[in-house]
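Hello,

Here is the structure for your files. Please look it over; my notes follow.

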Amino acid sequence: LASGRPSAGLGPGSPRCPLVDVASASNFRCFQLRHFHLDLRLNFAVKEMSGWLVLDLVPVQLGVCTLVLDSHPSLLIHSIDCKVPGAGLDEPVSLTYRVDPFTDYGSSLNISLPTAAVKPGRLIQITVRYTTTDGPAIWWLDSELTCGQTRPLVFTQGHSVCNRSFFPSFDTPAVKSTYTATVRVPDGVTVLMSASRSSYSKQDRVFQFSMEFPVPSYLVALVAGELQHVDVGPRSRVWAEPCLLSCAVKKLGGSVERWLGVAEDLFGPYLWGRCDIVFLPPSFPIVAMENPCLTFIIASILESSEFLLIDVIHEIAHGWFGNAVTNATWEEMWLSEGLATYAQRRITTEAYGEAFTCLETVVRLDALHRQLRLLGDNNPVSKLQVKFEPGVNPSTLMNLFTYEKGFCFVSYLSELSGDVTRFDCFLRDYISEFKFKSVVAQDLIDYFLGYFPELKDAAIAQREGLEFERWLSGCGPPPYEPDLSAGGALIRPVQDLCDLWRSADPPDLQTLSTFDLSAWSTFQIVLFLDRMLDHSPLPHGTPLSGSYSSLFDGLNAEVQIRWLQMVVRNTFYPDLPRVRAFLHKHVRTHKKTAAESCIRQSFWLCFCIVVLILYLFLKLVLVSLWLFYI
């Protein structure tokens, strides 16, 4: 098929950004944000950041008399002033402001502007002096909650609408800008930010940062604590607490540069310069976050080399899909996550082979269909374009559909293009066209149909049952899933073993001996346990525990959490102490202080296990009492 760059109707690289973002209270459409600067002092004793924010803004509309920023009740605003260079306001003028409620995840900061000096195209500088308190973006950890348990640590997590509690902003992915930061800290504290350049004055204990590429507010990130690093490549280093550093370096080795090289061969140059990784304590609320130049990742993932590999490669893929080209609204998160998942699997296919990628994809698609069985095919959260009402927190819409249904749609587009390498070229040109911009789904679709005009002429977007509109707005499973038969050599033995255990008679030892699970990969064992859980509880007396308990007990947490669910759901009483030991190990390291407002999803899983154990215990007691009385 012939292909080439399309002539977009809006002009090259002119995305259709939405006029409204219901998750933002700001009037971001009235201004161009050219740059902002943060100047902060970190106070670990009282768990506060204090300082100021300077916004370089250019009004783009006539008659703008108010600047509205996203803020949060946890931000204490002290004062706001304005300078208009070259318009008689070279010295700061104090401004009046008010804070209004917006949603349970933020508020609006309404600032009255000097109307005589504010004109379209004229630069204004707004300075907001403020102090952070206990907001959802900022996580202060006492020393006992860190991995080393010697010094406190603080990190931020902005996705998706939390950074409005870090600094007032246009907190929408539709707005991107460069930024700089000055951070003052106590002696012995190292500060890192998602920035392309940094420096440190030891005498003044001041860190300086500069992000020379435009980013949305949610990708501004900071971590400060006892951190050390080792270079693992010409443009990448690993950061961690001293007690974790050698393990992290050993696990990653020179892989980061290898993965970057594969990604560049597929999708074009890596745009961000640095590709550093910092490992954070188990209190980090998600597995990983693709902050540009500095990926945040949870340290507990180091237990599983395969999950570590997948998660780091996924965050690397975000360097192209999500960070360079960003979804303009949270209602279309799949534009970042679906494309990054597709890119991640292209990278693993090139680096580790098609069979490995197919196995990992089967595990994830199984999970997608499992979630669909729980939610029902008509649940609106299964849409790629999720329309949410004002007040709904976009973070609650992060789910497997964003990743896996989005991946399936991108895979379908790849299939339509006729050749995977031709689709790689399309993605490379898509990045080149829209880099450092925010887009909506129609931008991607228009660019695709312009790149492959023969598909547009064939009205491929209206193909019955596979209409693009159905993909975006329809509920339920993906209308298309890619062919994963290349993973058969790894997947088939797993399914064969599942079938053996689900048969009417338990398998004999000789038959089981043909399946050497000690030689299986983590993803094979996870797939086996997931599929056995789908059919639990098993018939009473099934000797699964005696066959595998000792093996699974020595494996990583991804395996153990599934195995222990099998233990509880199938009432393997001799193994119940292992559940207690697992909870003691992991809940103890995840314990949070009362002031912290968020909790990891794994806590809920552990909580559910505890509830199930109590249920089974009570059930056993009641049965015993019943037998006693009869």
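C358 is buried, with a relative accessible area of 4% (buried means under 20%, exposed over 50%, partly exposed in between, with a 1.4 Å probe and protein chains only). A disulfide here is a pair of cysteine sulfur atoms within 2.5 Å. By this rule the count is 0 disulfides. C247 is in none either; its nearest cysteine sulfur, in C243, is 9.9 Å away. C247 is partly exposed, at 33% relative accessible area.

This is a predicted model: local features need pLDDT of at least 70, side-chain atom pairs count only at pLDDT 80 or more, and totals for chains, interfaces and linings use all residues. Residues are numbered from 1 along each chain as its sequence is written, and side-chain values use heavy atoms, leaving out hydrogens and water.

Next, helix α6, residues 400–417 (helices are DSSP runs of H or I, at least four residues, numbered from the N terminus). Its 18 residues should span 26 Å at 1.5 Å a residue, and the end C-alpha atoms are 25 Å apart, which agrees. The expected span is 1.5 Å times one less than the number of residues. Of the 18 residues in α6, 15 are buried. At its start, a side-chain oxygen of N399 comes to within 2.9 Å of the backbone nitrogen of F401. G418 follows α6, with a positive phi near 95°.

Best wishes

Methods: Helix = DSSP H or I, 4+ residues; strand = E, 2+ residues; numbered from the N terminus. Polar contact = N/O pair within 3.5 Å; in protein donor to acceptor, adjacent residues only side chain to side chain.
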